[in-house]
Amino acid sequence: MSNFTALIHNENIKIYSRARTWIMLIILAVFSAFLPALMYFTTDNPASRLGVWDSFQMIVSVVFFLNTIFVVVIAADSVAGEFTWGTIKMLLIRPWSRSQILLSKYISIVLFSLLCTAVLIVFGLASSFIFASPTGDTLSSITAWSPAEYSFIDLLCRYVTLFLTVTLAFMISSVFRASGLAIGLSMFIMFAQGIFAALLNPDVFEWARYLIFTHMDLRVYMGSDVGPGGATLGFSIAVLAVYYVIFLAVSWFVFRKRDVAG
């Protein structure tokens, strides 16, 4: 286990030793802190200022797209970058199995996604408490949850989408060894999932109930017990879990069988 921990540590060093990683984290922090401040200094009437949790919800809605993009970039380069730079051979001659190497890379990406999300939350909340109005939240009027509960449940649903998108990017990176392709396809799916869900309506096409696009956005269950095509929350989670396992299984199978002699 200590050897595997060292392997994860090694993968984290690869991520955080690059300037782009810290630039991404700084951008997330700046944008998360900047939006409430911008609203504060551009609003003359204090009564019209957003409440703390309304402000935080606005930050999540805007900045979480950046969060997803940044983590996808790291995931797409995790495996493909080793082949691009030719360092994969050096990695495979170490006393670790291919499964351990792939798992360590995936764990390091998950940890990075959690760090990015934590940066968004900390700077977003801190800035909202400083610049937003302590009263006037409208979230409490549209749901039985408190504004804080609503905000964090919404954030959790968004993170599920991020988690699956990043896992897809990781799979593409492992299979095709092309970080650009992984980033491009993942971003396309992230932005076009709503279009696919509308075109392949499960109310019209029964088989569409089993497509990942139909269930990527779990926020639909925040206001209703019934999702697309009459699906339930449990059914949507089950479908997403199946795709998640498939993504990881394909990554593992291809990485273990790939010939790196060339």
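Is Phe-247 buried or exposed? Phe-247 is buried, with a relative accessible area of 9%; buried stands for under 20% relative accessible area, exposed for over 50%, and partly exposed for what lies in between, using a 1.4 Å probe and protein chains only. The views below go from the whole chain to single residues.

This is a predicted model, where local features need pLDDT of at least 70 and side-chain atom pairs count only at pLDDT 80 or more, while totals for chains, interfaces and linings use all residues. Residues are numbered from 1 along each chain as its sequence is written, and side-chain values use heavy atoms, with hydrogens and water left out.

**View 1. The whole chain, to get your bearings.**
You're looking at nine helices and zero strands. Here helices (H or I, at least four residues) and strands (E, at least two) are DSSP runs, numbered from the N terminus. Read from the N terminus, the order is simply α-α-α-α-α-α-α-α-α. Along the principal axes, the C-alpha atoms fill a box of roughly 65 × 45 × 30 Å. Of the 262 residues in the chain, 46% are buried. Now for the contacts, meaning heavy atoms within 4.5 Å: among those with a separation of 6 or more, 80% join residues 24 or more positions apart.

**View 2. The surface and its charges.**
The chain has about 13,000 Å² of accessible surface, and carbon and sulfur atoms own 72% of that. These areas come from the Shrake-Rupley method with a 1.4 Å probe; for residues, only the protein chains shown count as cover. As for charge, there are 15 positive and 13 negative side chains, and the centres of the two sets lie 19 Å apart. Lys and Arg count as positive, Asp and Glu as negative, with His and the chain ends not counted. Each charge is placed at NZ of Lys, CZ of Arg, CG of Asp or CD of Glu.

**View 3. Arg-20 and Asp-77, a link between two helices.**
Arg-20 makes a salt bridge with Asp-77, and their closest N and O atoms are 3.0 Å apart. Arg-20 sits in helix α2 (residues 19–42) and Asp-77 in helix α3 (residues 52–85), so the pair ties together parts that are 57 residues apart in sequence. A salt bridge here is a side-chain nitrogen of Lys or Arg within 4 Å of a carboxyl oxygen of Asp or Glu. Arg-20 is partly exposed at 30% relative accessibility, whereas Asp-77 is buried at 14%. The structure holds eight salt bridges.

Another salt bridge runs from Glu-206 to Arg-209, where the closest N and O atoms are 3.7 Å apart. Arg-209 is buried, at 15% relative accessibility.

**View 4. Leu-164 and Phe-247 side by side.**
Leu-164 belongs to helix α6 (residues 147–176), and Phe-247 to helix α9 (residues 233–257). The two are 83 residues apart in sequence, yet their C-alpha atoms are 8.9 Å apart. Compare that with Leu-164 and Val-175: they are 11 residues apart along the chain, and their C-alpha atoms are separated by 16 Å. Leu-164 is buried, with 5% relative accessible area. Not counting residues up to four places away in sequence, Leu-164 touches Met-216, Leu-240, Tyr-244 and Phe-247. By the same rule, Phe-247 touches Leu-164, Thr-167, Leu-168, Met-171 and Ile-212.

**View 5. Ser-173, tucked in at 0%.**
Ser-173 also has its place in helix α6, and it is buried, with a relative accessible area of 0%. A polar atom of its side chain lies 2.7 Å from the backbone oxygen of Ala-76. Leaving aside neighbours within four places in sequence, the contacts of Ser-173 include Ala-75, Ala-76, Asp-77, Ser-78 and Ala-182.

**View 6. Ser-108 in helix α5.**
Helix α5 covers residues 98–131 and holds Ser-108, which is buried at 1% relative accessibility. The Ser-108 side chain reaches the backbone oxygen of Lys-105 at 2.6 Å. Beyond residues up to four places away in sequence, Ser-108 touches Glu-11, Asn-12 and Ile-15.

Notes: Polar contact = N/O pair within 3.5 Å; in protein donor to acceptor, adjacent residues only side chain to side chain.
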